[in-house]
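Dear colleague,

I am handing over the structure below, followed by notes on what was found in it. Please read them alongside the model.

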Amino acid sequence: MLSEVADAVRLQEGPPGVRSVLRALRRLAPASTKELSRATGLPVPIVAALGNELRRRGLVTEQRPSRLTEAGQDLVARLGMDLSLDATCRTCDGRELVIPDVLAEAVPRLRALMESGPAADMAIDQSHCTAETKVRRVLALLTAGALPGGSLLLIGDDDLVSLAVAVVGDVLGGPIVERVTVVDISDEILDYVQKVAGGLGTRVETVRHDLRHPLPKELHGRHDVAMTDPPYTPEGARLFLSRAVEGLRPGPAHSVFFSFGGKSPDEMLEVQREIMALGLVTNGYIRNFNEYEGSGILGGVGFFQHLLTTSSTASAQGDYSGPLYTGDKRTRQREYTCAACGRTVPVGPGARWTSVAALRADGCPHCGKGPFRPGRLITVEPAPAPAPAPATVGSGETAPAPTPVPAPTGRTIGWHPPAPEVRAALEQRARPYAIRQADERDLPAIGAFEAEIARVSFGEDAIDDPARWAARLGKAMEKSREGMIVADRPGGEPVGWCWVSINQNAMTGDRYANFRSLAVAPLDNRGDVAELLLTAGLEFCVANGITEVVGRVHVGNVPMRTVYRKFGFDPTSLSMKLFLPEEGGER
């Protein structure tokens, strides 16, 4: 039975992985999928698929949170796993470190800094760790003797550990490190770190650098300890750890603190090989040490590994141009089997559905039902692109433009970036208005646009106060203004507004764009300005590696529905609303 369940979901961990889920259910029941993921180290989608297989066999209850049925309890007893003995420390919950009372105030301070700091960039595998995790990382540095004193090198710092070190020092009454060096490619992160650290008394140096290239020579061999939380791929681990090694002083026993997400045994073997190849050894390892906001596919947790340099430690990593982030490596589709009709549906890059969440939303293409069980991985060779065909541009001339190429499974690419000549003609038609990134001065006009969108979409139920919308968008703009675009005449107020945000499915890890707003004031060339704004929004998606865009529109907003269809959007779902009588009367 264990083998059958493991085979049904293509579980790399095999029967031992199924045993771990049963053991966790026995110990934690009632348990959510996320709790089981944390307990077993298996990704949330895999735990969910295992749970469905166990339910089909009558071993797990239908209701959630999950429990073992009587048959499941009998099976656990026959497998010799009915002994419930949990020796996990109730104080630290297995993390080995507890935030002392003297540092309690550091947590809310860091939480406030996170709220006003840069947003996570899902395109490069960012997911911010919690304020508690930041403090625990500083405590790990102190417990290991890497601090106080000395110099700390942070290879990437979207988690703002540099500020955590500074805040802890401020709470304790003085700096706990001589110097912190932050190396990151994001100007937004570096500027924010410098802005905040300046008032906390800790010396923080920031260096903008693309880690695909070796560290600048002036950073080589200067630091006593390093810390990194790289992209969760073997290539990401090797690259970021190599840069950490470059920045450390030569010789053995220098510490590198390495955070990473749980992977399958085979994937973790690749990561550990990269560590060994660098001449690093493991001095400590804590599962579920790191907690993250919005990292649902891994149960919101990751491990924390304390590495030490040896006399053999060296980095031979030069420039790197290969795949680095999770999205770069997602090149294969996976088959999902409909539980209702048994037909298989491919999901992934190039398929009609790029994520299982999208497939669930639409239902099985054969029977309209579900749910779906993950199956084997399949490789799809990209189809060669046909020769470009001529397309008529606004001036009457012809210019080459790419022809939409159907994906291997039949999904048709609905839009391609326009050729330069076509783009230039569109800009000419939109004059005297041009597009730019939105900023704070545009908030009153943007608020008015959002209020009008609300009135068109929701009528009497609309929140149509422009000031409320402006305040809300101001907060969003503080986190990230990328994808926020306005059209205006130079020096004038915005006459058009477009907002596209990049999101990540918490269950599958798939990235997609959410087309949130499009509005244009009454103009003679209103349609051209709207087309220019929408084109800029889609170009923003393509530049960020996005292959799926979702736009939601009220059924009564016919002009917006028309614009969507013009640009190749296809309707995929319909929201239904039903009003019920209020208690004691009618509505």
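Which residue lies over the face of F289? It is R136, at 5.6 Å from the ring centre, where a charge counts as over a ring if NZ of Lys or CZ of Arg is within 6 Å of the ring centre and within 35 degrees of the ring normal. R516 lies over the face of W499 in turn, at 4.0 Å from the ring centre.

This is a predicted model, in which local features need pLDDT of at least 70 and side-chain atom pairs count only at pLDDT 80 or more, while totals for chains, interfaces and linings use all residues. Residues are numbered from 1 along each chain as its sequence is written, and side-chain values use heavy atoms, with hydrogens and water left out.

The aromatic pairs come to eight, counting rings of Phe, Tyr and Trp (its six-membered ring) whose centres lie within 6.5 Å, with planes under 30 degrees apart taken as stacked, over 60 as edge-to-face and the rest as tilted. W497 and W499 form a tilted pair, 6.1 Å centre to centre with 40 degrees between the planes. Ring pairs also link Y232, F258, F260, Y285 and F303 into a cluster.

W497 is buried, with a relative accessible area of 1% (buried means under 20%, exposed over 50%, partly exposed in between, with a 1.4 Å probe and protein chains only). W499 is buried too, at 9%, and R423 is likewise buried, at 14%. Among the residues that R423 touches are P418, I435 and L532, leaving aside those up to four places away in sequence, where contact means heavy atoms within 4.5 Å.

Best regards
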